[in-house]
Amino acid sequence: MQFDDNKPIYIQIVDYFKYKIIRQELKSSDKIPSVRETAKELNVNPNTVQRAYAELESCGVTMSKRGLGSFVDVDDDKLKALKNDMAEQLIDDFLNEMYQMNMPKEKLMELIDERWTK
């Protein structure tokens with residue numbers, strides 16, 4: 001995983017797991033890797049992963065079971081909300097970049113329409 005210097009690493013780890021859930025790579029009640037496993041896999045400090053896991057739990061995406069680990073906790077409504085939230089975040093980031101490039105809305109919409117049909 002490549003980390004973006006402009007965003008806290010723990011937030012990027014949260015997004016990483018949210019994407020896995022949205023893509024159904026992780027489904028409700030699936031166990032997520034331990035903090036140590038994830039820290040080793042992503043080459044980050046375990047405290048950073050722990051913070052990400054705490055954030056996932058506070059968002060209602062995972063739940064901890066004492067002595068067993070963390071598990072995905074999403075129903076269809078949570079999954080829809082997660083998809084919408086992530087889509088809005090991606091769109092906002094994209095639109096911000098286009099705005100910084102002074103891309104006219106009409107040209108942007110034309111480019112999107114061309115790509116959408118591919």
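This is a predicted model: local features need pLDDT of at least 70, side-chain atom pairs count only at pLDDT 80 or more; totals for chains, interfaces and linings use all residues.

Trainee: What is the distance between the end C-alpha atoms of H3, and which span should its 13 residues have?

Mentor: Helix H3 covers residues 46-58. The expected span is 1.5 Å times one less than the number of residues. For the 13 residues of H3 this gives 18 Å, and the end C-alpha atoms agree, being apart by 18 Å.

Trainee: Which residues of H3 are buried?

Mentor: A residue counts as buried when its relative accessible area is under 20%. Seen down the axis of H3, the buried residues fall within an arc of 100°, so they line one face of the helix. On the other side, Asn47 and Ser58 are exposed. The buried residues are Val49, Ala52, Tyr53 and Leu56.

Trainee: Which residue caps the N-terminal end of H3?

Mentor: The cap involves a side-chain oxygen and the backbone nitrogen of Asn47, with 2.7 Å between the two atoms. The residue that supplies this oxygen is Asn45.

Trainee: Is Gln12 buried or exposed?

Mentor: Gln12 is found in helix H1. Leaving aside residues up to four places away in sequence, Gln12 touches Met1, Gln2, Phe3, Asp4 and Lys7. Its relative accessible area is 8%, and the cut-off for this class is under 20%, so Gln12 is buried.

Definitions and conventions:
Residues are numbered from 1 along each chain as its sequence is written. Side-chain values use heavy atoms; hydrogens and water are left out. Helices (H or I, at least four residues) and strands (E, at least two) are DSSP runs, numbered from the N terminus. Buried means under 20% relative accessible area, exposed over 50%, partly exposed in between (1.4 Å probe, protein chains only). The arc is that of the directions from the helix axis to the C-beta atoms. A polar contact is a pair of N or O atoms within 3.5 Å; within protein, one must be able to donate a hydrogen and the other to accept it, and residues adjacent in sequence count only if both atoms are side-chain atoms. Contact means heavy atoms within 4.5 Å.
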